2 protein chains.
Amino acid sequence: MKRSGRRPGNQDTRTSILEVARRTFAEKGFDKASIRAIAGDAGVDPALVHHYFGTKEKLFLEVMNAPINPGELIPQALAGPREEAGIRLIRMALSVWDSPAGTAALAMFRSALSNEWTARLLREFVVTQILRRAVRELIVDPEEAPLRSALVATQIAGLMVVRYVLRLEPVASADPELLATMIGPNIQRFLDEPLD
Amino acid sequence: MKRSGRRPGNQDTRTSILEVARRTFAEKGFDKASIRAIAGDAGVDPALVHHYFGTKEKLFLEVMNAPINPGELIPQALAGPREEAGIRLIRMALSVWDSPAGTAALAMFRSALSNEWTARLLREFVVTQILRRAVRELIVDPEEAPLRSALVATQIAGLMVVRYVLRLEPVASADPELLATMIGPNIQRFLDEPLD
């Protein structure tokens with residue numbers, strides 16, 4: 001059998017960092033887990049963790065076996081004309097979920113629905129870190145970002161549940177563009193509508 | 001031990017009808033299961049099934065141990081001024097889910113997220129039967145009822161997921177009236193917005 005170029009020793013170190021990271025994220029959540037602490041528990045230098053995995057975000061995606069990086073996709077979808085951000089977000093979400101990588105994203109979402117650990121991570125990572133940060137760029141008052149991004153999350157999570165989990169027709173097989181047109185403006189309302 | 005007034009014989013018949021009904025709903029789904037077939041398999045007269053359980057809808061709710069009857073609640077919420085139907089629907093949903101009965105409703109919803117059988121029943125019963133029927137009364141073109149009610153379902157399911165399953169703040173502890181005001185008009189859009 002052909003061996004990869006990577007030496008076994010490195011592979012072991014990499015695996016043991018991942019194991020420590022998995023445990024640390026589970027115990028402390030995404031926010032409170034630090035590369036420094038993970039490196040310490042794994043008995044390696046923090047620089048080595050960065051060398052293998054890059055940022056904490058990327059280490060986390062590796063731990064979760066995430067096939068996509070929402071940290072890149074969401075801001076990308078929300079960039080561009082502000083008044084079409086809602087439609088672009090739905091269009092991007094559907095194109096990812098309908099792709100082969102979508103199966104794994106859906107598996108993670110399903111797991112979050114029945115597993116407190118995954119729920120917490122999804123909450124902290126996808127929503128608190130990424131979605132909220134992206135929404136903050138789009139709205140007038142940054143203090144409203146937590147509520148507005150959680151409202152956006154209701155519509156996105158619901159689309160995922162109805163189309164892929166409950167597979168309710170005609171949404172289950174509807175054309176993505178029709179769904180983007182129908183649902184996008186609701187996302188937009190969650191960004192723009194006065195909160196009182 | 002004190003016995004209830006109902007004679008054991010009747011209780012046995014009732015239980016065996018429920019068992020047959022559970023199996024029949026599981027095999028055929030809500031639509032294709034008939035009181036006549038259930039009665040036949042249980043070896044009783046269809047009139048007796050009606051006597052014990054009322055309609056097929058009520059028999060189904062009994063099988064599912066449903067603490068509430070969405071067949072009464074949803075049309076009730078949607079009655080009244082047409083232009084406020086969305087807000088009333090969200091207000092009603094939150095008042096049920098926040099109530100003690102809501103725990104059981106949430107358990108059923110969770111189960112539908114991981115169990116194909118429950119998913120199918122939820123789909124057929126709550127959405128196809130009840131929500132769709134209610135939506136049909138509110139819209140101009142009845143042929144659009146399937147798509148419009150499935151879109152309404154995305155927003156309602158998403159609210160349930162974010163508030164009760166992922167427990168994402170600030171939606172998890174937000175005032176129901178704020179949520180109704182923010183989300184209701186999106187439901188309304190799903191009823192009114194032209195579909196092309």
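Good morning. From the N terminus on, the elements of chain A run α-α-α-α-α-α-α-α-α-α. Chain A thus presents ten helices and zero strands, where helices (H or I, at least four residues) and strands (E, at least two) are DSSP runs numbered from the N terminus.

Some conventions come next. This is a predicted model, in which local features need pLDDT of at least 70 and side-chain atom pairs count only at pLDDT 80 or more, while totals for chains, interfaces and linings use all residues. Residues are numbered from 1 along each chain as its sequence is written, chains are lettered from A and ligands numbered from 1 in the order in which they are written, and side-chain values use heavy atoms, with hydrogens and water left out.

I begin with confidence. The score pLDDT is the predictor's confidence in each residue, from 0 to 100. Chain A averages a pLDDT of 86, and 95% of the residues score at least 70. Within chain A, confidence is highest in helix α10 (residues 176–192), at 96, and lowest in α7(A), at a mean of 79. Over residues 1–8 of chain A, pLDDT stays under 50, and the model has three contacts for them beyond four places in sequence; contact here means heavy atoms within 4.5 Å. Where pLDDT is low, the predicted coordinates should not be read in detail.

As to the overall form of chain A, the C-alpha atoms fill a box of roughly 55 × 40 × 30 Å, taken along the principal axes. Of its 196 residues, 51% count as buried. Buried means under 20% relative accessible area, exposed over 50%, and partly exposed in between (1.4 Å probe, protein chains only). Among contacts in chain A with a separation of 6 or more, 64% are between residues 24 or more positions apart.

I turn to salt bridges. A salt bridge is a side-chain nitrogen of Lys or Arg within 4 Å of a carboxyl oxygen of Asp or Glu. The whole structure holds 20 salt bridges over all chains. One of them joins Glu57(A) and Arg133(A), at 3.9 Å from N to O. Glu57(A) belongs to helix α4 (residues 56–63) and Arg133(A) to helix α8 (residues 116–136) of chain A, so this pair ties together parts that are 76 residues apart in sequence. Arg133(A) is partly exposed, at 40% relative accessibility.

In chain B, Arg133(B) and Glu57(B) form a salt bridge whose closest N and O atoms are 3.8 Å apart. Arg133(B) lies in helix α8 and Glu57(B) in helix α4 (residues 56–63) of chain B, so here too parts 76 residues apart in sequence are tied together. Glu57(B) counts as buried, at 18% relative accessibility, and Arg133(B) as partly exposed, at 40%.

A further pair is Asp98(A) and Arg163(A), with closest N and O atoms 2.9 Å apart. Asp98(A) sits in the loop between α6 (85–97) and α7 (100–114) of chain A, and Arg163(A) in helix α9 (residues 145–165), so the pair ties together parts that are 65 residues apart in sequence. Asp98(A) is partly exposed, with a relative accessible area of 41%, whereas Arg163(A) is buried, at 6%.

How many residues of chain B are in contact with chain A? The number is 43, and they meet 43 residues of chain A. The size of an interface is often given as the accessible area lost when the parts come together. Buried area is the accessible area (1.4 Å probe) that two parts lose on being put together, summed over both. For chain B and chain A this comes to about 3500 Å², 71% of it on carbon and sulfur atoms. On the chain B side, Leu113(B), Leu166(B) and Met182(B) lose the most area to chain A, together 19% of what that side buries.

Two salt bridges are counted between chain B and chain A. One of the salt bridges is between the side chains of Glu116(A) and Arg167(B), at 3.4 Å from N to O. Glu116(A), Arg123(A) and Arg167(B) are linked in a network of salt bridges.

Leaving aside neighbours within four places in sequence, Thr154(A) is in contact with several residues, including Phe190(A), Thr154(B) and Val162(B). A polar atom of the Thr154(A) side chain lies 2.6 Å from the backbone oxygen of Leu151(A).

Key: Polar contact = N/O pair within 3.5 Å; in protein donor to acceptor, adjacent residues only side chain to side chain.
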